Amino acid sequence: MANLMVIISVVVAITWSTIAVAYEPSPLQDFCVADFNSPVTVNGFSCLDPKQVTADHFLIKGLNIPGNTSNPLGSFVNRPTVLEIPGLNTLGISTVRVDYAPRGVVPPHLHPRAAEVLTVLEGTVLVGFVTSDPENRLISKILHKGDVFAFPFGLIHFQQNIGKQNAVTIAFLSSQNPGVIAIANSVFGSNPLINDDVLAKAFQVDKSVIRKLQAPYN
Ligand SMILES: *[C@@H]1O[C@H](CO)[C@@H](O)[C@H](O)[C@H]1NC(C)=O
């Protein structure tokens, strides 16, 4: 009986801790616009004197302007974070516009601090994310204009314009500073490079293949 109570207590504790983690922290004031000049170090930025705060601290213009997709990926990401919109500080949210040339990709990447919800404004976009080890299941969909798709927190995901015209997406991320880990850049383009024997063993290929993958970053 005592053992059963311990098990129930543990289950209840785990359930509650899971619920607690799912909550956003309650705001303690209307806003905390980032003060980039403050010497105080906190998680995020300390607050500007509210009397100095203006509408422009919450504003960025230009997300209507298409990005230049003439690059090897054929995509352009405009991702204003708290650094561009200081009013985002402590709000746990930010936005991103992506332009895609036909076949343009946002290559496999993850956001270490955010989930994401993406809306297609123009075009036809293949999206997908992969569940964590050991399942590694690809969950993928072809999206059309007006479709909204969610990428779970911290999972590897990608987008590609599979239409004949340019595509545009807008997304919202659950962090003022979501961060990006682009898989290829991290694994093959780190500075300094990861030892090629480590990568050859990890990917079960010859070192020459690894050196080829590292070449664009050298
Ligand atoms: C787009 O980028 C390419 C490559 O950097 C450049 O040659 C071109 O002038 C840019 N186009 C515009 C409209 O800025």
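Predicted model: local features only at pLDDT ≥ 70, side-chain atom pairs only at ≥ 80, totals over all residues.
The account begins with the cysteines. A disulfide is a covalent bond between the sulfur atoms of two cysteines. In this model the count comes to 1 disulfide, and the bond joins Cys32 to Cys47, with a distance of 2.1 Å from S to S. Both cysteines lie in the loop between α1 (2–22) and β1 (75–78), and the pair links distant parts of the chain, 15 residues apart. The angle about the S-S bond is -105°, and the link of Cys32 and Cys47 is left-handed. The two partners can also be described by their accessibility. Cys32 has a relative accessibility of 5% and therefore counts as buried, since the limit for that class is under 20%. Cys47, with a relative accessible area of 36%, is partly exposed.

The aromatic side chains come next. Across the whole structure, 5 aromatic pairs are found. One of them is formed by Phe36 and Phe45, whose ring centres are 5.0 Å apart; their planes stand at 85°, so the pair is edge-to-face. Phe36 counts as partly exposed at 40% relative accessibility, and Phe45 likewise counts as partly exposed, at 26%.

Another pair brings together Phe129 and Phe149: the distance is 6.2 Å centre to centre, and with 50° between the planes the arrangement is tilted. Phe129 belongs to strand β5 (residues 125–130) and Phe149 to strand β7 (residues 148–151), so this pair ties together parts that are 20 residues apart in sequence. Phe129 is buried, with a relative accessible area of 8%, and Phe149 counts as buried at 12% relative accessibility. Ring pairs also bring in Phe151, which forms a cluster with Phe129 and Phe149.

The last feature is a contact between helices. Two packed helices are described by the angle between their axes and the distance between the axes. Helix α3 (residues 196–203) packs with helix α4 (residues 207–214) at an angle of about 110°, and their axes are 9 Å apart. Because this angle falls in the range of 65 to 115 degrees, α3 and α4 are roughly perpendicular to each other. On the α3 side, the residues of the contact are Asp196, Asp197, Leu199, Ala200 and Phe203, and in α4 they meet Lys207, Ile210, Arg211 and Gln214.

Conventions. Residues numbered from 1 in each chain as written. Heavy atoms only, no water. Axes fitted to C-alpha atoms, helices over the stretch in contact; angles between N-to-C directions. Helix = DSSP H or I, 4+ residues; strand = E, 2+ residues; numbered from the N terminus. Parallel < 35°, antiparallel > 145°, perpendicular 65-115°, else oblique. Contact = heavy atoms within 4.5 Å. Disulfide = S-S within 2.5 Å. Buried < 20%, exposed > 50% of the residue type's maximum accessible area, 1.4 Å probe, protein only. Phe/Tyr/Trp six-rings, centres within 6.5 Å; stacked < 30°, edge-to-face > 60°.
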